[in-house]
Amino acid sequence: MFFPSVLMIIILTVAHIISREVPKDLEHIKVLRENGPLTEESLGIPFDTIGTLEIRLSKIEKLSRETLGQFKNLENLTISFSKIEKVDKDVFSNCCPKLKHLEINHWPDFNYEDLKGIATLPLESLEIIDSDIPKLKSGVFEGAKLKSLVLTKNKLNEIEPDAFKGLGELEYLLISNNKIKEIPKQSLAPLRSLETLELVSNGIEKFSTDSLPELPNLTDIVFIRENLKEINFEGVHKVAPKLNDVFVIGKNMVHIPKVSGPLRIHKWL
Ligand SMILES: *[C@@H]1O[C@H](CO)[C@@H](O)[C@H](O)[C@H]1NC(C)=O
Ligand SMILES: *[C@@H]1O[C@H](CO)[C@@H](O)[C@H](O)[C@H]1NC(C)=O
């Protein structure tokens, strides 16, 4: 009589531990207009049961790497229009073992140091909007496994030649509303999986076959409201054999010489 009930308790305990470690239904939590520190009490739920967390219009005090580390099952994190005070300089470093999608939109305290920590996460997509990142330094994303990278309105004016080093799995790159006149050819060279390159309102003036390193999987290039004067893609299939479509959208006095081969260039307002 004694033995089975002890066994039962052990089984229940083990089952409980397992179910605590991998909750079946992860929660989607929205933190809206909150003030104060981020705690399990303030959210009313254990951190490790949260799969998606959105923080919006909130003021969070003292966010630490340790706090983020408790979100063991977090897959999606969005922080927008919030003031979040960080305790650690590099708050994301190795914080969240399951984080796949991270979006940061207007978080004034977010800075370059945090970007480096982000490369330690198993992210598939990263979107940084409205932040102060004037320069992408060499190796800043090294170690990241990103498939999609979106950099919008970050006052970016320089991309160092090895800034995208290590992004061999990146399929989509969007750089928009920054201040870069040119993307160094060398910086694109590691992007062997890149399929779509999209450039929007950066002030890019020149782009040609010569701007591209060998990109075996590139199928589309999109220019929207750039300042292009001339684009010449003659011979592009030697470096980008799958490039089929180039879109040039927005007011442009651009001259586009005809090229031989199957490349289609679409130009409209
Ligand atoms: C993360 O976001 C994706 C896309 O919105 C969603 O399909 C997925 O279920 C989310 N994951 C979790 C654990 O909430
Ligand atoms: C290019 O794409 C193909 C098929 O879409 C894929 O199998 C291959 O791994 C990609 N190449 C690289 C270098 O990522």
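The model is predicted, so local features are held to a pLDDT of at least 70 and side-chain atom pairs count only at pLDDT 80 or more, while totals for chains, interfaces and linings use all residues. Residues are numbered from 1 along each chain as its sequence is written, and chains are lettered from A and ligands numbered from 1 in the order in which they are written.

Let's start with the overall picture. The chain holds five helices and 18 strands; these are DSSP runs numbered from the N terminus, with helices being H or I over at least four residues and strands being E over at least two. Taken along the principal axes, the C-alpha atoms fill a box of roughly 85 × 40 × 30 Å. Of the 269 residues, 27% are buried. Here, buried means that 20 or more other C-beta atoms lie within 10 Å of a residue's own, exposed means 12 or fewer, and partly exposed is in between, with C-beta atoms placed from the backbone. Among contacts with a separation of 6 or more, 58% link residues 24 or more positions apart; two residues are in contact if their C-beta atoms, placed from the backbone, lie within 7 Å.

The chain splits into domain 1 (29-132) and domain 2 (134-269), with bounds that come from an automatic or database domain assignment. Where the domains touch, domain 1 brings 15 residues and domain 2 brings 17. On the domain 1 side, helix 4 (112-118) and strand 8 (125-129) each supply at least two residues, and strand 8 gives the largest share, with five. Sorted by class, that side of domain 1 has seven nonpolar, three polar and five charged residues. For these classes, Ala, Val, Leu, Ile, Met, Phe, Trp, Tyr, Cys and Pro count as nonpolar, Asp, Glu, Lys and Arg as charged, and the others, Gly among them, as polar.

Three strands line up in the order 2-4-6, with parallel pairing; strands pair if DSSP finds at least two bridges between them. Strand 2 (35-37) and strand 6 (83-86) are the edges, each pairing on one side only. From one strand to the next, the twist averages 10°, based on axes that are lines fitted to C-alpha atoms (for helices, over the stretch in contact) and angles that run from 0 to 180 degrees between N-to-C directions. Strands 2 and 4 are joined by three bridges, and Gly 36 has Ile 60 of strand 4 as its bridge partner.

Two loop residues have a positive phi without being glycine. Leu 57, with phi near 50°, sits in the loop between strand 3 (50-56) and strand 4 (59-63). Leu 57 counts as exposed because it has 12 C-beta neighbours inside 10 Å. His 106, with phi near 60°, belongs to the loop between strand 7 (101-105) and helix 4. His 106 has 14 such neighbours inside 10 Å, so it counts as partly exposed.

Finally, the ligands. Around ligand 1 are Leu 26, His 28, Gly 51, Thr 52, Glu 75, Asn 76 and His 101, where being near means a C-beta atom, placed from the backbone, within 6 Å. This shell has one nonpolar, five polar and one charged residues.
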